[in-house]
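Hi,

Here is the structure I promised to pass on.

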Amino acid sequence: MAKETTIRMWRRALILILMMAAGLCLVVFNLIRLQLVDGEELKKAAIDQSLQPTALTAERGTIYDCSGTKILAQSASVWTVALEPAYIEEEDKKVLARGLAEILDMEEADVLALAQKKTYFTYVKKKVETAVKDEILEFLEENNISRGVQLIEDYKRYYPYGNFMGPVLGFTGADNQGLSGLEYQYDTELSGTAGRLVTAKNAVGTDMPFQYEQRVEAEDGYDLVLTIDEGIQHFLEEALEEGIENFEVANGACAVAMNVKTGAILGLATKGDYDPNDPWTITDADVIKEIEALPEDEQDAATSAALQKQWRNKAVSDTYYPGSVFKMCTGSMAMEEGIVSEETTFTCNHSYVVEGTGGQHINCWAYGHGTETFVEGLCNSCNPFFVHLGESLGPNLFYKYFEAFGFTQKTGIDLPGEANTIYYTADQLNPMELATESFGQNFSITPIHMLAAACSIANGGYLVQPHVVDHMVDEDGNIVMTADTSYKRQVISSDTSERMIKILQTNATIGTAKNGYIAGYRVCGKTGTSQKILEDQLDTSKKHYIASYCGFAPADDPEVALLVYYDEPNPNINYYGSAVAGPTFVKCMEQILPYLGIERKYTEEELEKIDTTAPSVTGEKVEDAKKTVEDAGLTVKVKGDGDTVLEQIPAFGEAVPQEGTIVLYTDEESQKETVTVPDLTGMSLSAANQTAVDSGIQIRVTGAALTSNNPVSQTQDIAEGTEVRPGTVVTVAFIEVDQVA
Amino acid sequence: MRQTNTGRSQSQREVSRNHRRKPTRAPASMPNSGRRPRRDVTAPSSGTGAATTVIPVGKANPFSPRTAMKKVRKKFKIFSVRSGVDRVFLYILLSLLVFGLVMLFSASFASSYFESGDSYHYIVQQSIFAVLGCVLMMVISFFDYHHLHKFAFPILGVTLVMLLMMVVLKGSSLVPNINGTYRWLYIGPINFQPSEIAKFTLVLIFAHLISINYDKMETFRYGVVPYMVLLGLLAGLVMAEKHVSATVILVAIGAVMLFVGGIRLRYFVMAGALIGAAILYLVFFSDKFDYALLRIQGWLDPFNPPEGVDTWQTRQSLMAIGSGRVLGLGLAQSRQKYLYLPEPENDFIFAIVCEELGFVGALAVILLFGLLIWRGIIISLGAKDKFGMLLGIGLTAQVGIQAILNICVVTNTIPNTGISLPFFSYGGTSLVMLLAQMGVVLSISRTSNVDKV
């Protein structure tokens, strides 16, 4: 046998070469197909995937109040827990599932199913707090699991003040997208730009430190600095809550304070609101009960409607008939056109026949004001007078000013959901429409429209742009946007403006708006009461009203305008703008004006009535003390038999009413004495005074008591039944109840 | 009936004359069994002529090493230098090795950092083994490959024991479960796949048996049965490790050896049909039919795989290849190696080559493999005896089959299964084994009748 190779082997070896060559050709053919034909598509897929899972989240900007330091909305780090099942050791999966399920409060079986998925990446839970993340890290370390669990940084929104300013701030959704309020309006600016990591983040979540890494850093969102002052906002929210309780307001309320010169919103409170930390929970317990009472299939829709309602910003999204508040605009138009001056007279006979309507007439809310000047007409809020002014202006002029005041367009405030106004154009303004519009009925605007128009009357005639954001700051502290405070147009002359301010001040002092009077602050105001016409409530026996009060102060150089608006106060208690919204207006303005550093300037008349402060007599001899107190124009009451004053009530520096009393305690026995605070509400000034004196306390009055002829006490700051020391001062707020509309 | 030299073999003789030391003899005479006429003729060779002695076939066990050695008879020197190695083969091989190391570094540094905290871990390891392997290769190239006759059965024994051990120790710390398979053996610091050794064993034992029983290749008893038994044994044990790819390669190598070794084509076709039928049976009539169908579906459309079929690796591989376009993203610029493509340093290194060097680079790699196969077969054809030729063909075919199958997997031409790319894929022991086997080819080339440049 030969060992040499044979021809057959040769031949077959050559066939082998051919087969190998064929194999290689097949491969080359496939490479041509993949690289040269389908290459672009595959390359795109490769690039796409390398960018997609490695997005770097940009931190959402913070929202500050006007001080730039008080945080209204802020993002804090939270974590997304994800698994990479392909990298988890098979024997670790059960342990991991049990541990994660326990830490994350999930079902063990669910986590295990995720861990066993045949995939490279799957989410387990989002928005996990940092403490929980640390717990997971600890667990992984304890169990020696080094791969397969990813913790990705994300952000969650926090609103430190809780249920405060909700409809203004809005809230964000699961992906940090703004869904409502400023969060929605400024979503792009707040969001910033997500970054990219071109290299893969590896399986344990750290970056690979290679020079090829291309990292496009995330650009954090801009911070918003609002024009809203957290302090003023608090005044508004508290006052509204009190008002809602007092008048059993059914459909929410809002109060907006604005800088009359710049249009900057200083505070915007809406009630019937929510906690932006928890927007999906209905805040109103009654609403929850109502929904639970519904059949099951209607509950979802009802819940959704209730949520929409609580998210709604009434100040910009609700429209209403401004009612008598609008008379300040009609008056300004007529005065600007020279149709009327302060002394122009008109006779109100209760009923006014509208020209060109074939005898249709409009009634005044009062039984005829008789002959009155324009100033008196406004102070009386006399409807026929203003219908007459509207007629004198005619539809074209009226509409020209109506448009100029900005009622035909959105104000453009930087809040989402601003409602469109509903009105008649010049050619649609038939005599009856013109007549009703003249006193604020038959057209719908938002509260913010009315406030902006009031500002233009207050600031010399300039229509300003209402805005909420003052400026935006980038992550390095550079200001990237500043609000435009330029005015849109001059609506009336500064002369008309000045004259109207005076008339409105008179109105707020002795007219129908005097419930808004604040001694020393030269308040101007106008009340409004409008009947709501609801399509689904044609039953006129149930009447629904909106009570509003719009005013500004101080008259000599107006700074702040405030509109208070109550939607459906209980008519059995009161529904007039003056009585319902007036006290809230006072309560807010009384706090806002000193907060802004505006000083009280008393007229002589006021000086006679204002409170003084208690002098310091503690530690003095009783005789000396008596003299000091009497010199200050106050009366003295001495308790006990001691020689020196151990204590005085009111204490040094506290407010004492004119001709009030200071009680001096001279021994320990007397110091233990207490009296009970009586109910001081629903009384006339003199009756309240008498009750107080009888109980051994004294009262300090606020509100309409000083200017009104017939004030009635409405609230007291120390509740009935409280045990206090004799001489304690209880502040009682009075309102005017006769004067309405 | 015997045929003398053809014109072609004449010219080859002319060429090979330069390398001869002894005068050429006439082609060896061969006892004709007389059963049937053969077309088979001894090819010209540069053999010494010692092998022309008639070996009695007798009753001796043809498979015992002793008998085999008796048949070979000639005493070989331990080292046989003779003329030099085939430098063409050596250069192609070294080019592939260097190319492979460069690409390994590029492909592995990301995953190396990720897995060991050191970007250089893989490349340093691999380089050490490459140097060791080259030294070993050169040493072996001086070693007279005929001594392997003696080792054929001992190596077969060791391999079988090792493979049996794999089955017995399945799941223990020596043979851990890695992704559902049991292909790695861990002994102390060394770990390797016994299936790699099985491939060499198969080549060696087949070359040995075919070369000593060549004249009986046409019989069923001697030409088919022993090989089927051996192949079945080796492939079966490897299959027990759940190592499908190695099984496929073993069968392919066996087929190539038998084909070249002169098996009658009718047996060859029959065996092929039998294996095909077995596969079809497994696919269609076992409980895995549904899963297999899903796998096939996933293979045909990897971007929309059916539920439960993970085609991530294939998808990533295709994206990597496609990203390369004509000229590639540039060396080291691969995106896909950043943990997108699992095991970029291993079975899927070719995808990274495609991505970084483009179609041009990929073509270069394929060309180098083509040249290596061509030269390996040329060397084998020039081998002075059947043993050398079959050994050379088997070892070359092993590299060729692995390279082609690997690239087929990477390009999704065939379904995904773990096949490494020779000279490129990471794996120290397997590289050393591969280079040692190339040393055998070089050893064959020393006495081979090829034109050495």
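In this predicted model, helix H23 (residues 685-695) of chain A lies across strands E28, E29 and E31 of chain A and runs at about 155° to E28(A). Helices (H or I, at least four residues) and strands (E, at least two) are DSSP runs, numbered from the N terminus; angles go from 0 to 180 degrees between N-to-C directions, with axes as lines fitted to C-alpha atoms, for helices over the stretch in contact.

Those strands form an open sheet of three in the order E28-E31-E29, with mixed pairing (strands pair if DSSP finds at least two bridges between them). Strands E28 (698-703) and E29 (711-716) of chain A are at the edges with a single partner strand each, so one side of each has no neighbour in the sheet. On average, neighbouring strands are turned by 40° against each other, direction ignored. E28(A) runs parallel to E31 (residues 729-736) of chain A, joined to it by six bridges, and Val701(A) stands opposite Val732(A) in E31(A). Helix H19 (residues 577-595) of chain A also packs on the sheet, touching E28, E29 and E31 of chain A, at about 140° to E31(A).

Now to chain B. Helices H8 (residues 225-240) and H9 (residues 244-261) of chain B pack at about 165°, their axes 8 Å apart. That makes H8(B) roughly antiparallel to H9(B) (angles over 145 degrees count as such). Among the residues of H8(B) that meet H9(B) are Leu234(B) and Val238(B); on the H9(B) side they include Thr247(B) and Leu250(B).

Ala198(B), in helix H6 (residues 194-212) of chain B, is buried, with 27 other C-beta atoms within 10 Å (20 or more make a residue buried, with C-beta atoms placed from the backbone). Beyond its neighbours within four places in sequence, Ala198(B) is in contact with Thr159(B), Leu163(B), Leu234(B), Val238(B) and Leu250(B) (contact: C-beta atoms, placed from the backbone, within 7 Å). Ala198(B) and Thr247(B) are 49 residues apart in sequence and 9.8 Å apart in space, C-alpha to C-alpha.

On conventions, residues are numbered from 1 along each chain as its sequence is written, while chains are lettered from A and ligands numbered from 1 in the order in which they are written. As the model is predicted, local features need pLDDT of at least 70 and side-chain atom pairs count only at pLDDT 80 or more, whereas totals for chains, interfaces and linings use all residues.

Best wishes

Conventions. Contact = placed C-beta atoms within 7 Å. Buried ≥ 20, exposed ≤ 12 C-beta atoms within 10 Å, placed from the backbone. Parallel < 35°, antiparallel > 145°, perpendicular 65-115°, else oblique.
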